[in-house]
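Look over the sequence and the model first, then read on.

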Amino acid sequence: MEVLKEKVEEEEAAEREEAAERAERGEKAMWPMEVQKEESTVTQEMLRDLERKLSEIEVSIPEKPSTFTKDPIDVSKLPLSYQSNTLKEEHLLQVADNFSRQYSHLCPDRVPLFLHPLNECKVPKFVSTTIRPTLMPYPELYNWDTCAQFVSDFLSMVPLPDPLKPPPYLYSSATVLKLQKGNCFDFSTLLCSMLIGAGYDAYCVNGYGSQDLCLMDLTREVCPLTMKPKEAVQKEEKAPPKKYAIRPPRDLSSRFEQEQETKRQKAIQDEKEQRLRQEEERLMEEESAKTDPLYGKDDDHFLGIESLWNHKNYWVNMQDCWNCCKDLVFDLGDPVKWEYMLLDTSKPLLSLTEGDDSEMSEMNDEDDVENLGKEDEDESFDMPPAWVERIEISPEAFETRCPNGKKVIQYKRAKLEKWAPYVNTNGLVSRLTSYEDLECTKILEVKEWFQNREDMLELRHVNKITGLIIDSFKPGHPQALRVHSYTSMQPERDRVMEFYETARVDGLIKREETAKTMTEYYQGRPDFLSYRHVDFGPRVKKTALNSAESNPRPVVKITERFFRNPEKPADEDVAERVFMILDERIQLRYHCREDHITASKREFLRRTEVDSKGNKIIMTPDMCISFEVEPTEHTKKLLYQYEAMMKLKDEEKLSRHQAWESELEVLEILKLREEEEAAHALTISIYDTKRNEKSKEYREAMERVMHEEHLRQMEAQLDYLAPFLAQLPPGEKLTRWQAVRLKDECLSDFKQRLIDKANLIQARFEKETQELQKKQQWYQENQVTLTPEDEDLYLSYCSQAMFRIRILEQRLNRHKELAPLKYLALEEKLYKDPRLVEILKVFV
Amino acid sequence: MSRLGDVEPRVIDDHMLKQAVGEQGPQEEAGQLAKQEGVLFKDVLSLQLDFQNILRIDNLWPFENLRKLQLDNNVIEKIEGLERLTRLVWLDLSFNNIEAIEGLDSLESLEDLSLFNNRISKVDSLDALVRLQVLSLGNNRIANLTNVIYLRRFKGLRTLSLAGNPVAEQDDYKMFVCAYLPDLVYLDFRRIDDHTKELAEVKHQYSLDELKHRENLLQAQQEDEQARREELEEHKAAFVENLNGPFLFESMYAEDVEGSKLACLPGVGELLETYRDKFVIVCLNLFECGLKQQEKRKAELDTFSQCVQEAIQENQEQGRQRIAKFEETHLLSLSAIRDASELTTLETRLVACRERVAELFNALMTLEMQLAEQLEETISLFERNIADLVGLFVENVQSLMAQCRDLENHHHEKLLEAAINTLEKTVKGELDEDLPDDVRALFVDKDTLVNAVGASHDVHLLKIDSREDELVTKVHAWCTHLLDRIHRDEITRNRKRVKEISQYADHAQTELDALECAELLD
């Protein structure tokens, strides 16, 4: 049975009215149950309320589907295989007709078979040839579940023109993909093509299903995403007691009392257990429900099967479907249960053993009546190849997935919205809204999934009741944030930040904040710090009007805990230290030794006191109270204690500083988060050539450069001899005289051109100088009468003219310098020219 | 002190040490404290005694924990008096008049040794300094490059200075040192670059290879020796050492004069051969059995100690949890008592606190008593089992030894027979002439012969008996020793825990007392 991973395809089972009625009944049956669940005691008022509610319910009878018309398809552009049938196909159609006739004769009370609907070009095509097995180039489509999910997302559903009959048309999958919509037959043909291409033994099924299923109505299903994952129950394996395991201490309590107690408790427990069991059963049912009705087989939604086919053959179901599809035997090799159309040599699911051959032949004998004619014809007949064009899905379409990149699915008490990546500017790809009630008015919680966010936000979970927001990040956030749960973005409120500790230098795992405290958890630090808890006091009001940031809250108490440092002896390795800053008290607790149960403790009281003579007391024995597991001499010394205290004082300062830094960091992260939230930039993979603007620009620039390079090369290859060669009769070998002439002509021409160029520059130079002189003359004549503007104009003209003259002068000089060189270079080149070299080398 | 000309050599005395410690110890506030309390020599970690004209190192033994000792710029002639400073890491003896390296055998943690500017001519007696990293031997009188080879044994040596020695003036000096000490990083305070290292290696490749080969051989030999020793130890632990071969058999004949004489008799050679084979097989059986039994005993002991460990761990965990719980409430109530103002509430709180302490004490003691009882039970069970195992082993050994004795008896009979036959032949004069004279002396009469054979037999039996006795006594001794140890360990553990618990409770009580006193004073 498992082999049939097909998407079961179905038609409406009963009459429309019946279906509607059943739905109504179902809903009616369901509603009171729901109400009772919510309110345990039913009062008169409630009953009235219930009545009102029930009357409000409108059974939504889907409007009569308008006659199913597909968008006009340009038939002329379709390939030839669409427009006509080959000989083999004609033959197959005849066979099918014959089969159909026999079938209707033998089973007159059954619906006519769905064998050869018309295609886009109104040409009858056999259903099996409409399946074109194709392996898609996307790994996601290699598995049946993701593949089916893709098909259901990619196409939009169009109801059948007549829910009780198979459609008169069955379009090719290529056309369906182009239109991105289709009826259930189109869905299944496409999916079947892809699954068979991916190596599955898949079949298209023509049958009956419930209305919800046929209309892809999931409003009565529980959303699979809202279900909690099954908790794996781990049984702790208890090691068998060893030979010398100590006996447990003798139990001295009264057995009688125990018995009484157990008796009393048992009654309560039984009750509880019963309740639990019920609960469990209910849960189990929920869990076993199929995640998507598109692929179930033991589901209640599948009511019956008429026939099924794949790309090779066609089978008719001869079993009774009184108990939906639950009792069907999917052994297609069994000719009693499944009547085949073509005699197939490889019956894939024949599970009968060789020994049953005789039995089989008997059965065959029984079927002879209908098999007789067919078998003669079908001998060595196999299915002609598919007439359908190649199934192709462009990468863009694959990524966009749903038509227009958006899809909304309504579940029971939940709504799931899906978008293609990059459709939303904030990277939102799906949103699941859970509701408290069935009408979907009271929102319980919202889960939003994001993709390609620059701030690595992956999931945002908003609990609308508590107002708690939980943001989850993928690795790669600039502050190594992993989870951030908060109710408000204001600092000094309740919040928890979790981090990817390996990405952080300080090994911080988690930071919890409340209004008055901050707790940090660390791991893998070289100083073995594991925990720091800071208690803050109320903020002191400052007289100066400083901003809030520069007025940190006073620290009241810092508690730090450390992991065991294996290099130090336990008596010197501090496990916990508490700085009570207001009391000026420092408490130390050391780690416990391996074989001890008590740990050393030390408490420093730091009060600056003055003795009777007014001298400052540096250190007295009562300033350090210590308990040592194994007292040693040197720790009793005041000097040792003094030094330890001085060190702790420094460390206290450091810890306070770190607490302050942590506060700053929280502010920084919050600021960063706000900025990121406002910007919500999306990342684009460098492999995404379509979206990546930068790489596009780069590619285009490269192309341009290449083009220019090409042009330059073309130019460089310009043939300087071509104009002269053209004068000569083509195809003839050059004589020496011709070659010499050619060379001379070429050279003289070049010389002429150089002279011309020099003359041209000279002429321009002279012209420019003359003009300047004229202007100067004019200026000198009219100098007195000129307005300041004119004077300015004149001056600017002068400077420009001078500039031009200078440039021309330079060019002329340069030309004079380079011209002989260029001339020589050309001469050299001509000598080496492959067309002339043979003839000219005699002279060299 | 600093007179011109010859200064008077001094000796390290208490005054000098106290002065040095005082000057080099903590300063300012901490210094006041140190003065007030006095500093114990054994707490000093670093000591500087330079430019003191010290002639002899002495009186340094109280500085048990000294890490760094500077004795440079003195007139010391001999390294001595440092035996007790085992934790020394840094020793500076530069600018003295030392002629030989000595007296450093106990300084195992020494890492940095400076003997700069002395009169040393030979590098040796440094074997104990396995952690040596820096060795300064500049300005000495080392003339022979072979001294460098001695330094190969210090795997951690990274810095060496030999400048100012006659040896450093040799052309090959640098290359030689680099080649023979490949792990060296600094020579004469300069980094050795890789290029020099390569060159040096190529230059001295052949002699170096030879040296390495010799070293490897030596090492392999040592390892072999070690392995053999370990194996023997293992066999000794199983009490069957030297039983995996013909050792016992050979030892039987080692002291047996008559036996070796009788071996020359015709036919006895073969007899001896078969006897020997059979005997060795029995010995091997005994050996195998011994090893097996040893393994069994070991497994038994392992499970026992594991179980005991687990039980103790669990108990400790319970104790710790109790204490943690107690401390949580105790700390709170202590601070409450500190803050309390009224005397009556204070009283009640103090009483409550005391009760809690007593309760904790009782709970912990109960736990400990429980554990002690449980362990006692387990130990007695183990005692029985191990005694059984030992008994079984002894029985096995005895039966196998009996086989040995049987073989010996059998052999004795056969030998006697052969001897008498030979005697008869001798009497009849049919004997071949190839018997040595001392053997021929046995065949004077029957009594002598029988006595000789009997003596040989007795010696053999004695050997077997003594081996058996040795084995059995050893096993029993091991057994009693083991059990004694287990009992002793358990008792010490118990005492320690009880002491710990009462100490803790006492501390809590005294703390409360101190609080009460303080409150009353207020």
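**Where H4 meets H5 in chain B**

Lys174(B), Met175(B), Cys178(B) and Ala179(B) in H4(B) meet Thr196(B), Leu199(B), Ala200(B), Glu201(B) and Lys203(B) in H5(B). Contact means heavy atoms within 4.5 Å. The residues of this contact divide into five nonpolar, one polar and three charged. Ala, Val, Leu, Ile, Met, Phe, Trp, Tyr, Cys and Pro count as nonpolar, Asp, Glu, Lys and Arg as charged, and the others, Gly among them, as polar.

This is a predicted model: local features need pLDDT of at least 70, side-chain atom pairs count only at pLDDT 80 or more, and totals for chains, interfaces and linings use all residues. Residues are numbered from 1 along each chain as its sequence is written, chains are lettered from A and ligands numbered from 1 in the order in which they are written, and side-chain values use heavy atoms, with hydrogens and water left out.

**Helix H4 and its surroundings**

- The axes of H4(B) (residues 173–180) and H5(B) (residues 194–203) come within 8 Å and cross at roughly 90°. Axes are lines fitted to C-alpha atoms, for helices over the stretch in contact, and angles run from 0 to 180 degrees between N-to-C directions.
- The two helices, H4(B) and H5(B), are therefore roughly perpendicular to each other (65 to 115 degrees; under 35 counts as roughly parallel, over 145 as roughly antiparallel, the rest as oblique).
- Six of the eight residues of H4(B) are buried, so the helix is largely enclosed by the rest of the structure. Buried means under 20% relative accessible area, with a 1.4 Å probe and protein chains only.
- Those buried in H4(B) are Tyr173(B), Phe176(B), Val177(B), Cys178(B), Ala179(B) and Tyr180(B).
- Their cover includes helix H3 (146–150), strand S8 (159–161), strand S9 (186–187), H5 and helix H6 (205–237) of chain B.

**Helices H10 and H12**

- The axes of H10(B) (residues 343–428) and H12(B) (residues 446–521) come within 10 Å and cross at roughly 175°.
- That makes H10(B) roughly antiparallel to H12(B).
- Residues of the H10(B) contact with H12(B) divide into 44 nonpolar, 11 polar and 16 charged.

**Chain B as a whole**

- Chain B has 12 helices and 10 strands. These are DSSP runs numbered from the N terminus: helices (H or I) of at least four residues, strands (E) of at least two.
- Of its 522 residues, 40% are buried.

**Chain A against chain B**

- In this pairing, 36 residues of chain A are in contact with 42 residues of chain B.

Methods: Buried means under 20% relative accessible area, exposed over 50%, partly exposed in between (1.4 Å probe, protein chains only).
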